[in-house]
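Reader: I have a new structure to look at and would like to learn how to read it. Could you take me through some features one at a time?

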Amino acid sequence: MKIAFFSTKPYDKIWFEPMGKEYGFEIHFYEVPFQEDTIYLATNFDAICIFVNDYVTAEMIDKLYEMKVKAILLRSAGFNHVDIKAAEEKILVLRVPSYSPEAVAEFAIGMVLTVNRHLHRAYNRTRDFNMSLNGLMGVDLYHKTAGIIGTGKIGQAMIRVCNGFGMQVIAYDPYPNKELEVDYVEPDELFKKSDLISLHCPLTTGTRHIINKDSIDKMKEGVFLVNTSRGALIDTDALIDGLVQGKFGGVGLDVYEEEEGIFYEDKSNEIIRDENLARLMTFPNVLITSHMGFFTREAMQSIAKETLENAYALENGLPLVNRTEIR
Ligand code: NAD
């Protein structure tokens with residue numbers, strides 16, 4: 001099988017190159033993203049392998065279909081970047097539904113600890129031998145309420161982490177998991193009661209801007225908000241308004257609505273034209289990272305293994321257990 005990888009970085013090759021050889025796949029690693037003007041690079045390949053900011057529209061699916069590309073292999077859990085409905089009859093979309101939920105949950109709590117205890121600022125201060133503590137006071141998480149939105153694999157890992165901190169955990173999910181020992185509440189109650197809100201639901205038309213002016217108005221003063229799921233779960237304009245009003249104790253964003261083309265790239269020598277992103281960077285209680293919650297050795301190894309197993313199943317007519325479906 002010939003697979004064209006897009007948006008590849010040096011760290012992708014560490015796992016995919018040797019494992020791909022073991023499977024006997026012919027892999028070509030392109031650094032460029034998958035987009036309208038790079039589709040032609042998939043000519044004569046059986047499958048393409050893409051990452052979270054490679055958007056695939058219905059028109060692009062038609063082109064891939066004409067080119068006889070059989071599958072889109074997603075080396076991610078989320079699949080909001082592919083028009084799944086348009087793909088249905090034409091091309092298989094296979095993803096990696098679970099690789100290391102703990103990697104993302106551990107990162108999410110790391111963001112909370114950072115903005116709550118101002119570790120990002122303390123690091124910079126002590127580098128400059130400014131040992132003053134003024135402005136660096138945080139709060140105990142112990143006995144505070146954590147509100148988890150989405151209790152799938154990562155949400156459950158986050159619940160375990162929050163329980164470990166001695167927090168009271170409440171959750172919202174339209175499909176509650178009866179086996180979980182957590183108090184399910186309606187979104188409004190979660191917004192009103194939580195000291196920490198952590199987002200772990202997928203991006204769909206139903207969850208887009210789930211955090212908006214209304215929900216922010218309902219939140220407690222000093223609430224911590226963490227988004228390690230998808231940027232568009234948050235209405236960035238409303239978030240900035242809330243930050244200006246001093247609503248948030250801290251905000252951790254591993255994802256951002258308009259991250260495509262910016263995240264994963266070195267833009268340090270360029271003028272940033274995204275006004276909202278530039279504004280977010282000015283708040284001392286906001287931590288932005290470049291969509292890296294997944295980025296551990298264990299997760300990367302598992303992503304490579306499962307992605308290539310998906311390709312192997314396709315090549316050998318085995319059941320396609322990781323085919324994406326619309327709920
Ligand atoms: P999952 O499918 O196991 O769980 C998602 C849960 O969200 C499900 O229980 C589902 O019922 C629930 N849900 C659906 N609609 C909802 C709604 N309207 N409100 C609340 N909950 C809702 O997925 P997962 O593996 O836990 O991953 C969650 C998300 O994390 C992914 O969709 C992806 O976007 C994101 N993610 C980010 C990173 C990163 O590096 N930052 C890595 C992996 C996954």
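**Reading pockets, sheets and rings**

Author: Start with a pocket: helix 1 (10-23) and helix 11 each supply at least two residues of the lining of the second largest pocket. Keep in mind that this is a predicted model.

Reader: Which helix gives the most to the lining of the second largest pocket?

Author: Helix 1 does, with 3 residues. The volume of this second largest pocket is about 380 Å³. It is lined by 24 residues, and those closest to its centre are Ser7, Lys9, Pro33, Tyr264 and Glu265.

Reader: How do the residues of that lining divide into nonpolar, polar and charged?

Author: The lining of the second largest pocket has 12 nonpolar, 5 polar and 7 charged residues.

Reader: How is empty space found in a model?

Author: Rolling a probe the size of a water molecule over the atoms shows where empty space is left. In this structure the count comes to 1 cavity of 30 Å³ or more. The largest cavity has a volume of about 40 Å³.

Reader: Which residues line the largest cavity?

Author: Its lining consists of Gly231, Ile234, Thr236, Leu239, Leu253, Val255, Tyr256 and Leu280. Of these, 6 are nonpolar and 2 polar, with no charged residue.

Reader: Next, the strands. What holds a sheet together?

Author: Strands of a sheet pair through backbone hydrogen bonds, either parallel or antiparallel. Here 7 strands form an open sheet with parallel pairing, in the order 8-7-6-9-10-11-12.

Reader: Which strands stand at the edges?

Author: Strand 8 (183-184) and strand 12 do; each has a single partner strand, so one side of each is left without a neighbour in the sheet.

Reader: How many bridges join strand 6 to strand 9?

Author: Strand 6 (residues 145-149) and strand 9 (residues 196-199) run parallel and are joined by 4 bridges. As an example, alanine 146 has leucine 196 in strand 9 as its bridge partner. Strand 9 is also joined to strand 10 by 4 bridges, again running parallel. There, isoleucine 197 has leucine 225 in strand 10 as its bridge partner.

Reader: Are the faces of strand 10 covered or open?

Author: The general idea is that in a regular strand the side chains alternate between the two faces of the sheet. In strand 10, both faces are covered: Val223, Leu225 and Asn227 are buried on one side, and Phe224 and Val226 on the other. For strand 10 (residues 223-227), that makes 5 of 5 residues buried.

Reader: What should I look for among the aromatic rings?

Author: Look at how ring centres and planes are placed. The whole structure has 12 aromatic pairs. In one of them, phenylalanine 51 and phenylalanine 294 are edge-to-face, 5.5 Å centre to centre with 65° between the planes. That pair links distant parts of the chain, 243 residues apart: phenylalanine 51 is in the loop between strand 3 (47-50) and helix 2 (58-66), and phenylalanine 294 in the loop between strand 12 (286-288) and helix 11 (297-315).

Reader: Are phenylalanine 51 and phenylalanine 294 buried or exposed?

Author: Both phenylalanine 51 and phenylalanine 294 are buried. Phenylalanine 294 counts as buried because its relative accessibility is 6%. Phenylalanine 294 also forms a tilted pair with phenylalanine 295, 5.5 Å centre to centre and 55° between the planes. Phenylalanine 295 has 36% relative accessibility, so it counts as partly exposed. Ring pairs link Tyr11, Phe51, Tyr264, Phe294 and Phe295 into a cluster.

Reader: Where does the charged end of lysine 2 sit?

Author: It sits over the ring of phenylalanine 45, 5.0 Å from the ring centre.

Notes
Residues are numbered from 1 along each chain as its sequence is written. This is a predicted model: local features need pLDDT of at least 70, side-chain atom pairs count only at pLDDT 80 or more; totals for chains, interfaces and linings use all residues. Side-chain values use heavy atoms; hydrogens and water are left out. Rings of Phe, Tyr and Trp (its six-membered ring) pair if their centres lie within 6.5 Å; planes under 30 degrees apart count as stacked, over 60 as edge-to-face and the rest as tilted. Buried means under 20% relative accessible area, exposed over 50%, partly exposed in between (1.4 Å probe, protein chains only). A charge sits over a ring if NZ of Lys or CZ of Arg is within 6 Å of the ring centre and within 35 degrees of the ring normal. On a 1 Å grid over the protein atoms alone, a cavity is a set of points where a 1.4 Å probe fits but cannot get out, and a pocket is an open set with protein on both sides within 12 Å along at least five of seven lines; lining residues have an atom within 4 Å of a point. Grid points are joined across faces, edges and corners, and a volume is the space filled by probe spheres set on the points. Ala, Val, Leu, Ile, Met, Phe, Trp, Tyr, Cys and Pro count as nonpolar, Asp, Glu, Lys and Arg as charged, and the others, Gly among them, as polar. Two strands pair if DSSP finds at least two bridges between them.
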